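Visitor: Could you walk me through some of the local details in this one?
Guide: Gladly; here it is.

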Amino acid sequence: MSENLKPLRNGDTVCVVGGGPGGSSCAIALKREAAKRRMELNVVLLEQKKFEEERQFNQCIGVLSPPLEKILNDRLGVKLPVELFLKEIKGYRLHSDRFSLDLVGDDHERTYAVQRSKFDAFMLEEARKAGVTIVNNRVLGVEIGADEVLLYTDGENYTSAVVVGAFGMDEGSCRVFEESTPYREPDFLNTVITRIYPGEEFLNEMGPVIQAFLLGFEGLEFGAVTPKHDHISINIAGRRVTSEVMLKFLRSQPVQNFLPPHKRREKPLHYFKGKFPISPAKNLCGDRYVTIGDAAGLIRPFKGKGINSACLTGIYAARTIIRHGVSKQAFDEYYIKDCAMLTNDLPYGRALRWLTKLSTHFKFMDYLVKIAEDDPVFMECLFNCVSGHKPYKNIIRETVSIPLAFRIFRELCNHFILRKKIVKTL
């Protein structure tokens, strides 16, 4: 390994591209790790958005789930102020094409809905307090040399020993990294998000419950309705979701049953387009560069918990830079060892996603919901899948049993026999 790729020295600079939770966590962790070693480290965080102005939309629904508070407090010394919390989420309700089910499970830790722009602004301010230099410029190009990294922005240029990509799924930043490194963005699903302002009375009736929808129509993998302070956020995801799919989702009977009467046929005024990863990026790290969070595709494969994963991977990357260096070999260790809790769960998450898609496609999700009504083990399974409170590996191991498998198989056979009869009748 080159001498220059070993752990950083006094006076070195690290540049972080992206000021979301992952980028801010990484920057704070870099300063804290350096302070432990009594080392002067310049950390520059480049973020083109000004979160405090609340002008940009973030595709993330803005739900802070456990153990995020503990991660921030224990690892970064950051305590979330109560004024950030718009609503405490106290439950989940799952909807199939014909049935609905209140999911019951072990939910002893609190989940909160927040406004993402305010949460991001808070984290960025915490980074500033930690001594991080915040630059509101857009990164236009990156050159990775043998001895340093040069970043071109629409303001000044910056040189550093290493660059951390914390830019989420921002297309411009992805292209910049793809042009200058072997990095290739992760596979992803598209999302469309809208908001409805139903009024205080409806929000009170709705309660602090996230409504999850697994419906059987083309183009949609899942949808969700999340209550906020004065509105509800509605998001859908799939390979090719569009505003038309969103409108079809809003007009489907399960969602129609849920929306307030005066909003049922009203076309939303604003749609927001986004995407989120479903697999790790290719070449997510190399000599003098590493990506974290969504940019690296390091999130839970079916139930994202993207904020938690971004913060954790940012902290792990910072620790690697300070302790082990900025070589590809050092970052491979970060990916293999530190991120194992995420990567080891990928096969299980993909399997559940595949099974869910088959169930909705063949209209079998109704039967699964009915099974969960009187099977507490399967109920716990669905609760943990929707809430994301447990790794999928654990969920599958705790759920799979011969009696449950037999019951699902029996219901599946009955379902296809019934479908066959209906087809013959038609």
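Guide: Helices (H or I, at least four residues) and strands (E, at least two) are DSSP runs, numbered from the N terminus. The model is predicted, with local features needing pLDDT of at least 70 and side-chain atom pairs counting only at pLDDT 80 or more, while totals for chains, interfaces and linings use all residues. Residues are numbered from 1 along each chain as its sequence is written, and side-chain values use heavy atoms, leaving out hydrogens and water.

Visitor: Okay, so where does P67 lie?
Guide: P67 is in the loop between β3 (63–64) and α2 (68–76), and a cis peptide bond, with omega about 5 degrees, joins P66 to P67.

Visitor: Switching topic, is R288 buried or exposed?
Guide: R288 is buried (under 20% relative accessible area, where exposed is over 50% and partly exposed is in between, with a 1.4 Å probe and protein chains only), because its relative accessibility is 1%. R288 also has a positive phi, near 70 degrees, although it is not a glycine.

Visitor: And how many aromatic pairs are there?
Guide: The count is eight, where rings of Phe, Tyr and Trp (its six-membered ring) pair if their centres lie within 6.5 Å, and planes under 30 degrees apart count as stacked, over 60 as edge-to-face and the rest as tilted. One of them is F85 with Y112, which is stacked because the ring centres are 3.9 Å apart and the planes are at 10 degrees.

Visitor: Which parts does that pair tie together?
Guide: F85 lies in strand β4 (residues 85–89) and Y112 in strand β7 (residues 111–114), so the pair links parts 27 residues apart in sequence.
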